Amino acid sequence: MTNLACRSGCAACCIAPSISSPIVGMPNGKPAGVPCVALDEQLRCRLFGDERRPKVCGSLQPSIEMCGNEQQGRAYAITYLTRLELATS
């Protein structure tokens with residue numbers, strides 16, 4: 001598995017998976033498929049680098065396996081993470 005930088009404008013990992021821990025603005029966590037309220041207009045995390053950011057968010061690192069390549073784009077990542085969510089819920 002190869003690590004890479006987050007793709008600008010993707011935010012698949014902030015939309016597709018559920019998050020059970022509280023998030024600023026989402027005290028009960030986040031359901032799968034719902035965009036996190038911490039996303040800004042450019043689909044970037046307002047809590048990145050903030051101690052209030054859930055630990056699970058920092059543990060999910062971009063990779064070719066999860067994010068796909070540039071041609072596959074955001075749709076690939078959403079599909080991959082949605083399938084993973086369904087398989088683990």
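Guide: Let's start with two terms: helices are DSSP runs of H or I with at least four residues, numbered from the N terminus, and the expected span of a helix is 1.5 Å times one less than its number of residues. This is a predicted model, where local features need pLDDT of at least 70, side-chain atom pairs count only at pLDDT 80 or more, and totals for chains, interfaces and linings use all residues. Residues are numbered from 1 along each chain as its sequence is written, and side-chain values use heavy atoms, with hydrogens and water left out.

Now for helix 3. Its 16 residues reach 23 Å from first C-alpha to last, close to the 22 Å expected at 1.5 Å a residue. Buried here (under 20% relative accessible area with a 1.4 Å probe, protein chains only; exposed is over 50%, partly exposed in between) are G73, A77, L81 and E85 of helix 3. Looking down the axis, these buried residues fall within an arc of 110 degrees (taken from the directions from the axis to the C-beta atoms), so they line one face of helix 3. In general, an α-helix has 3.6 residues a turn, so residues three or four places apart point the same way.

What lies over that face? Helix 2 is among what covers the buried residues of helix 3, with contact meaning heavy atoms within 4.5 Å.
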